[in-house]
Amino acid sequence: MIVVGQIRKGAYFDSVTLMRVGKELAGRKGVADAAMVMGTKSNKAILNSSGLLAARFKDAGDTDLLVAVKADTQAAADAALAVVDGLLKQALKKTSVSSEVHPTSLDGALRVMPDANLALISVAGRYAGDEAMRALENGLHVMLFSDNVPLEKEIELKKFAQKSGLLVMGPDCGTAIINGIPLAFANVVNRGNIGIVAAAGTGLQEVSCIISNEGAGVSQAIGTGGRDVKKEVGGIMFLESLKALAKDQTTRVILLVSKPPHSEVLRRITKLVKTIRKPVVTLFIGAGTRGGGPSTLEEAALTAVAVAGGKKPEDVTKKLAARDAELRQIAAREAAKRKRGQKYVRGLFSGGTFCAEAQILFSRMISGVYSNAPAGKAKHLKNSLNSQKNTVIDLGEDEFTVGRPHPMIDYTLRNRRILDEAQDPATAVILLDVVLGYGSHPDPAAELSGVIRQARKKVAVVCSITGTDKDPQNRSRVEVALRKAGAIVMPSNAAACQLAGGIIQLLGRR
Amino acid sequence: MTLVSIGDQIEEGVYPFHSRFRRAVNFQQNDRLVSVVDEGVGDGPLNIVLQGLQESAFEQLLVGADRRAARGSSTRRAQRSRPTSRMNCAAPLEISEGKFVFEGRAYRFTQEDRYCSTLEAGAGLSPHFRHNLFLFGKLLQTSSHPKSLAFLLNDQRTDNFRSGFERTFAEQVRYGVSQIFFGDRLKGVRTLSGCGLGLTPSGDDFIAGLLIGLNLRGTGSRGLANQVFAAARSDNVYSDTFLDLARRGRLFGRMKNLILALGRESEDDVRKCTESLLAVGGTSGADLGTGFFLTLWNGFGAS
């Protein structure tokens with residue numbers, strides 16, 4: 001092994017930059033290890049102990065930056081040192097985005113971008129309302145990512161926005177696609193003529209991705225925050241968004257997605273829909289489909305695509321019925337592999353809407369469903385850490401996210417739970433959602449594959465992927481990796497739930 | 001640009017330019033750095049906070065100055081080690097009574113603009129403190145940078161240190177910290193001093209947290225704090241300034257807010273202030289927090 005070193009006099013970089021460049025150097029062909037540190041006595045001792053101390057480092061001082069490379073050959077070592085400058089520049093771009101300005105106030109942001117017409121606000125809830133009001137007063141639409149905004153403040157903001165002809169998406173609005181730009185947790189979808197209004201975050205992601213994967217596209221996708229359709233807020237922004245899409249020339253079909261609104265809000269929405277001359281597809285998850293409309297996110301998205309393409313909604317029903325037959329075959333095959341005593345499904349969701357949809361679908365298929373966020377007929381789970389019979393967990397609930405990143409970003413907690421559930425002799429199926437797009441984990445397949453491979457030895461692992469091939473993670477690539485690990489990958493959350501529920505039904509009949 | 005605050009440890013004088021970073025311009029006089037920073041960095045005993053600094057400012061900055069050059073030495077060696085020509089053009093920071101001049105523009109300030117970096121007597125004596133300190137320790141383990149010193153609180157986090165250098169670094173830190181708390185204190189401090197990457201190496205951040213913890217214990221621990229500081233001193237002006245302030249109980253805004261939150265009832269406040277601290281530097285906030293937590297949790301320096 002060859003050890004070479006460089007001393008850079010008086011060069012200071014932050015630790016993240018140095019870590020990043022050190023890692024890049026160590027990952028080069030022929031390089032065994034590398035480090036970039038200040039030339040303190042302690043650091044020299046560490047370099048010495050790890051076999052990285054170059055002879056020339058003895059003259060370096062505390063304020064000198066040391067670059068150390070251990071490589072198989074002199075050529076590999078020299079080549080690594082030669083790229084340090086370039087890597088530092090790249091790393092600095094990543095850590096500080098040199099060409100961009102980072103305003104620290106709304107006023108500052110407006111000075112930099114006076115033509116902006118939308119502000120995305122993500123600050124602590126107690127301050128978010130005031131920031132949102134300042135944005136509205138400056139004539140900006142608002143996407144309010146923050147949660148914990150007081151209800152009274154939300155109402156005040158939305159009434160003010162309504163008078164001013166502006167939109168307030170949120171609070172607790174995690175996703176939107178405006179003029180083709182994905183905001184916060186959102187996916188890269190085709191542009192097209194279907195407009196979406198949603199009071200359900202992952203619901204919006206699921207329908208927009210299915211629309212795009214079917215070859216259609218989205219004009220605008222407006223999130224309102226789940227509280228908007230409650231009695232107190234009165235659906236102010238849901239209605240305003242619907243009106244905006246009704247006027248929007250690009251939008252030919254409107255898709256509405258929400259958990260069941262308050263009856264009064266539902267009445268207002270229904271009244272407004274009747275006045276709109278464009279086709280409107282509605283899905284109020286779990287509210288029943290008295291008019292024969294779609295009952296899942298997937299069905300709603302496919303129906304919107306069919307209508308936008310001049311086809312009949314009945315075509316979608318037929319297509320899904322055929323798919324259900326295929327699912328029954330897969331369910332039978334998987335049920336046959338399960339041992340005696342394996343009889344329950346354990347759904348571990350990162351998306352709240354998916355968790356709710358799973359419960360609604362399961363309530364038609366199996367009994368004894370428990371959840372930490374009950375919907376439909378599911379019962380409340382006493383201890384979210386211990387599953388009970390058929391359990392469906394929303395890992396995005398506060399109890400799991402306080403002090404740690406959301407499960408769409410950090411898979412640690414869910415991975416541990418998958419392995420725990422697989423050890424339970426009563427578990428037959430583990431059901432998962434994998435959400436791609438901006439904001440989500442950059443490489444979910446790498447996080448999940450090992451865990452799925454292990455769990456797959458004892459249980460069936462069924463998952464859905466919400467995303468597109470244009471997403472940074474690439475849906476197809478993730479799907480291939482998860483299948484390779486042994487997961488059964490379904491095209492939608494609804495299909496994954498149908499399959500998981502089908503397996504449990506068959507096991508119950510044993 | 002408008003003035004937000006000026007630190008209470010900033011004295012009158014002419015401070016030659018030292019270095020420039022994305023959110024801070026540093027000036028040095030007598031082994032002491034004074035920094036002009038944007039609001040994102042926030043209040044500090046030696047910080048001048050200007051609203052809009054970032055938007056007004058400068059290109060990317062890569063390097064700082066060698067302290068020998070920054071001292072204004074006229075030796076050839078010092079001249080050679082001066083940073084880039086653009087930086088040499090930076091004018092000194094001039095501070096006089098009620099006024100300072102930064103980049104050719106004069107700003108006036110009054111006593112009301114001064115940021116107070118000390119805590120009132122009795123901070124940390126609240127009955128909530130121990131409970132909140134425990135919560136802070138948990139948050140360090142769950143929310144800090146994977147390569148921060150929070151691995152000292154949770155063994156599993158040691159897995160984040162993968163390369164040969166990183167593993168040796170983690171071992172050395174563990175050894176130094178065990179010496180501080182269970183062996184030869186000052187040997188442990190010397191082992192940690194200057195240990196790690198970045199502007200203020202992780203070991204120095206940890207020691208700063210330790211000094212803040214000692215200071216919070218009160219006057220009985222001052223002697224020990226002085227010994228720790230003497231053992232930790234180096235040629236790194238960033239670290240030295242930071243450690244000296246910590247030794248004297250002079251706190252930057254985020255740390256002061258955290259200590260105040262630890263004494264209050266609201267866990268929510270503790271969470272928010274912890275998040276704010278953890279956002280300092282790459283790992284600096286977490287490293288400092290780990291030193292602070294271990295000092296208070298272990299009763300280090302208690303009589």
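Helix α5(B) passes α12(B) in a right-handed crossing; a crossing is called right-handed if the near helix is turned clockwise from the far one by less than a right angle, and left-handed if anticlockwise. This is a predicted model, where local features need pLDDT of at least 70, side-chain atom pairs count only at pLDDT 80 or more, and totals for chains, interfaces and linings use all residues. Residues are numbered from 1 along each chain as its sequence is written, while chains are lettered from A and ligands numbered from 1 in the order in which they are written.

**Helix packing in chain B**

- Helix α5 (residues 129-143) and helix α12 (residues 267-278) of chain B pack at about 45°, with their axes 10 Å apart. Axes here are lines fitted to C-alpha atoms, for helices over the stretch in contact, and angles run from 0 to 180 degrees between N-to-C directions. Helices are DSSP runs of H or I with at least four residues, strands are E runs of at least two, and both are numbered from the N terminus.
- That angle is why α5(B) and α12(B) are oblique to each other (under 35 degrees is roughly parallel, over 145 roughly antiparallel, 65 to 115 roughly perpendicular, and the rest oblique).
- On the α5(B) side the contact uses Asn132(B), Leu135(B), Phe136(B), Leu139(B) and Ser143(B), and they meet α12(B) residues including Val270(B), Arg271(B) and Leu278(B). Two residues are in contact if their C-beta atoms, placed from the backbone, lie within 7 Å.
- By type, the residues of this α5(B) and α12(B) contact split into five nonpolar, three polar and three charged. Nonpolar means Ala, Val, Leu, Ile, Met, Phe, Trp, Tyr, Cys and Pro, charged means Asp, Glu, Lys and Arg, and the others, Gly among them, are polar.
- Helix α8 (residues 202-217) and helix α13 (residues 284-297) of chain B have axes that come within 7 Å and cross at roughly 40°, which makes α8(B) oblique to α13(B). The crossing of α8(B) past α13(B) is right-handed.
- Among the residues making that contact are Phe206(B), Gly209(B) and Gly213(B) of α8(B), with Gly289(B), Gly291(B) and Phe292(B) of α13(B). The α8(B) and α13(B) contact residues come to ten nonpolar, eight polar and two charged.

**Sheets**

- In chain B, four strands make an open antiparallel sheet in the order β2-β7-β8-β9. Strands β2 (13-15) and β9 (105-108) of chain B sit at the edges with a single partner strand each, so one side of each has no neighbour in the sheet. Neighbouring strands in this sheet are turned by 15° against each other on average, direction ignored.
- Strand β8 (residues 99-102) of chain B and β9(B) pair antiparallel over four bridges, and Lys99(B) has Arg108(B) as its bridge partner in β9(B). Strands pair if DSSP finds at least two bridges between them.
- Chain A has an open antiparallel sheet of three strands, ordered β1-β3-β2. Its edge strands, β1 (2-8) and β2 (31-38) of chain A, each pair on one side only, and neighbours are turned by 10° against each other on average, direction ignored.
- β2(A) and strand β3 (residues 65-71) of chain A pair antiparallel over seven bridges, with Val37(A) opposite Leu66(A) in β3(A). Helix α1 (residues 15-26) of chain A packs on this sheet, touching β2 and β3 of chain A, and its direction makes about 160° with that of β2(A).

**Chain A overall, and one residue in it**

- Chain A holds 18 helices and 19 strands, and buried residues make up 52% of its 510 residues. Of the chain A contacts with a separation of 6 or more, 70% come from residues 24 or more positions apart.
- Gln205(A) lies in helix α8 (residues 201-213) of chain A. Gln205(A) counts as buried because 32 other C-beta atoms lie within 10 Å. With C-beta atoms placed from the backbone, 20 or more others within 10 Å means buried, 12 or fewer exposed, and in between partly exposed.
- Not counting residues up to four places away in sequence, Gln205(A) touches several residues, including Phe185(A), Asn187(A), Val435(A) and Thr466(A).

**Backbone details**

- The peptide bond from Gly170(A) to Pro171(A) is cis, with omega near 10°; Pro171(A) sits in the loop between β6 (168-169) and β7 (175-178) of chain A.
- Asn148(A), a residue other than glycine, has a positive phi near 60°, and its place is the loop between β5 (141-144) and α7 (151-164) of chain A.
- Glu103(B), in the loop between β8 and β9 of chain B, has a positive phi near 50°. Glu103(B) counts as partly exposed, with 15 C-beta neighbours inside 10 Å.
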